[in-house]
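Have the model open as you read.

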Amino acid sequence: LIQENRSLVGLNMERNFFEKLSSAEPQEQKRMAYIEGRSDLFETKILRIEPTNETEETKSLLVCTRDPGSGNALLPVLKELASDQGLQIDVMTDGRAQEIIQGNLQTKDITPQGKIGALAADSVTGTPDVILIDRSSEMGIETYATATFLEVPKILIEDYYGTSIPYLTRLKENDLPFPDKICVLDQTAKELILKDFPILESRIEITGQPAFDQFAQENTEQIAREVKEKLGLKPTDMLVVYMSQMDELEKISQMAKALKKVTGDFYFVFRPHPRDNINYEIYKQIFIDA
């Protein structure tokens, strides 16, 4: 009964989110799911990664992911694991992470049919040997998996500093087990978790963040020359590039006013965050006004 009740905790959290989403106004739906104009990515799905080699699976892995940052963090790991001939990999996903998984791996949709769909994930995945999860901004998928498969070992991937703390807090509040391992970027990321959860000291592993590996040995001077050449700029031209966080119009307005005070000419490139649903024209007007 305890296990059934805990399973309902995760199921109800996920169901409540989708009920709230379905009854919301269209603009609110976009904000909640951080998906602009892609209603097909609202629905949580179970995708089975098709192996790169002939295989007779002996072990199974369930992956839970929703946001673009965590999807990108998991991608290098999943590409590596997809070549394991003894491993079946199922991914419980929606949103931008789903887009990333489907765009980079061969997958088959095995989502259960019916009203509750992915909430019956265990009917198609069985009980996995290991669960690989990340903490998403709209929590539910990872909590459902934790509550449904209580005894299964779980590995939590933290894609950026402190992002796993709200998830760990929710587990504690609902008397759900903590992950067996937590993979973090560096010592600072580890210390941020230990500040709130000192009991997790032995479970935290410093692994780096695979999605960031490509930046470790970048030749920035060469890249600067190539970028300016492509943009038709001279090597001596000043180029300012900025990518925002989500929904921070006031901060952007302040930055535009500060840039206005810079002496000398410069070129400016602005890019919104991938999960930012503010129309780009609104940002553009802020810079024009400044």
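Predicted model: local features only at pLDDT ≥ 70, side-chain atom pairs only at ≥ 80, totals over all residues.

Buried here means under 20% relative accessible area, exposed over 50%, and partly exposed in between (1.4 Å probe, protein chains only). Residues are numbered from 1 along each chain as its sequence is written, and side-chain values use heavy atoms, leaving out hydrogens and water.

Asp94 and Arg66 make a salt bridge, with their closest N and O atoms 2.8 Å apart; the term asks for a side-chain nitrogen of Lys or Arg within 4 Å of a carboxyl oxygen of Asp or Glu. The structure holds 6 of these. Another joins Arg48 to Asp90 at 2.6 Å. Arg48 is partly exposed at 23%, whereas Asp90 is buried at 2%.

Now for the rings. There are 7 aromatic pairs, counted for Phe, Tyr and Trp (its six-membered ring) when centres lie within 6.5 Å; planes under 30 degrees apart are stacked, over 60 edge-to-face, and the rest tilted. Tyr242 and Phe270 sit 6.4 Å apart with planes at 15°, so they count as stacked. Phe270 also pairs with Tyr283, this time tilted, at 4.8 Å and 50°. Both Phe270 and Tyr283 are buried. Step back and you'll see ring pairs linking Tyr242, Phe268, Phe270, Tyr280, Tyr283 and Phe287 into a cluster.
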